[in-house]
Amino acid sequence: MSTRPDQRTLRLALAVSTRAPSANNTQPWRWVSAAGALHLVADRTWQDGASGPDGHDVEISCGAALHHLGTALAALGVRTAISTAPSPTEPDHLAVVEVVGPHSPSAAELTMAGAISARRTERRPFSPDPVPADLLTTLRLRAERYGVLLTPVTGDVERHRFAVAVDHAAANPPLGSWAAADELSAGALLLLSTKGDGTADRVGAGQATSAVLLTATAMGLASCALSQPLADPRYRAEVSDRLLRRYRTPHLFLRIGYGLPAPAPPRTPRRPWSECYTELPEVALG
Ligand SMILES: Cc1cc2nc3c(=O)[nH]c(=O)nc-3n(C[C@H](O)[C@H](O)[C@H](O)COP(=O)(O)O)c2cc1C
């Protein structure tokens, strides 16, 4: 890093970033400290049948970790410059994070960072209370910062088609447990999409996913990311044709709503940050 934070701050931020959501909770990323910067690298050893036809869930999960890291560093008083997809010849080298100096975190940044430990994937049924339109607008604007469109799926036919796709995915689960279709009727259903389907689009979709989920958490909303139905190429094409116009590449559905009164779901475990971190010899931490 050009102006490196102290070792403790960096390690704390890396530990916090492990809380990012990832497909099947695989944490498919690696942080490499080299040449004065932190490099985000996709770890394809965690790619599997649940990652979509070409493993795009890996890149989306990496983007979520990138946003979590930036959020944590901002709250810890570190200003960063983040560039995505810096290396066309190395497709798994997804982003570079450089420290550019000290930072005075805003109240909003501290709230976002606070939401990291509170956020959980909520797969239980939601309350029928609708999400107010102004909150949905806030979420849409958060996604737009990353070049990502957030489209509410409101039509009865489209929501039914989504429920059918979830049922189909649940009947053929490669891994893990998925939300059941009959639990999907309440809450807002939002689709994240981008204009293109390059690496930067996917990483941006992941950054937007993290930004939207943390914002929703801070607003007291429950949330669940769902990509599994989009692993079916026919449903993917259908979604693109029926729901999207200019931003035609669908990446992920997000269910957002109010949870029913119940204890929060337990925190899912994570591999320690050090297992996803490599320090190249010429750059020592701290
Ligand atoms: C790209 C992506 C795709 C996901 N797809 C699904 C899904 O299809 N179904 C599901 O139940 N959860 C899905 N999740 C949620 C993860 O399973 C969840 O983030 C992970 O298990 C960690 O749990 P946590 O979010 O409670 O921390 C997805 C998350 C990401 C980032």
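**Exercise 1. How many of the 20 residues of H6 are buried?**

Before we start, note that this is a predicted model, in which local features need pLDDT of at least 70, side-chain atom pairs count only at pLDDT 80 or more, and totals for chains, interfaces and linings use all residues. Residues are numbered from 1 along each chain as its sequence is written.

*Solution.* 
- Step 1: find the helix. H6 covers residues 199-218; helices (H or I, at least four residues) and strands (E, at least two) are DSSP runs, numbered from the N terminus.
- Step 2: apply the test. A residue is buried if 20 or more other C-beta atoms, placed from the backbone, lie within 10 Å of its own, exposed if 12 or fewer, and partly exposed in between.
- Step 3: count. In H6, 18 of the 20 residues are buried, and the helix is mostly covered.
- Step 4: check the span. From first C-alpha to last, H6 reaches 29 Å, close to the 28 Å expected at 1.5 Å a residue (1.5 Å times one less than the number of residues).
- Step 5: look just past the helix, where Gly220 takes a positive phi of about 85°.

**Exercise 2. Decide whether Val99 is buried or exposed.**

*Solution.* 
- Step 1: count its surroundings. Val99 is buried because 21 other C-beta atoms lie within 10 Å.
- Step 2: pick a partner for scale. Leu73 is 26 residues apart from Val99 along the chain, and their C-alpha atoms are separated by 9.2 Å.

**Exercise 3. Find which members of the largest nonpolar core touch the most others.**

*Solution.* 
- Step 1: define the set. A nonpolar core joins buried Ala, Val, Leu, Ile, Met, Phe, Trp, Tyr and Cys residues through C-beta atoms within 7 Å.
- Step 2: read off the members. Of its 71 residues, Cys62, Ala143, Leu192 and Val212 touch the most other members.
- Step 3: ask where the core comes from. Its largest share, 11 residues, is from H2.
- Step 4: follow Cys62. Beyond its neighbours within four places in sequence, its contacts (C-beta atoms, placed from the backbone, within 7 Å) include Trp29, Leu94 and Val203.

**Exercise 4. Describe what surrounds the ligand.**

*Solution.* 
- Step 1: count the shell. The ligand is surrounded by 22 residues, each with its C-beta atom, placed from the backbone, within 6 Å of it.
- Step 2: name the closest: Pro21, Asn25, Thr121, Ser227 and Gln228.
- Step 3: trace the elements. H2 (56-75) and E7 (222-226) each supply at least two shell residues, and H2 gives the largest share, 4 residues.

Terms used:
Two residues are in contact if their C-beta atoms, placed from the backbone, lie within 7 Å.
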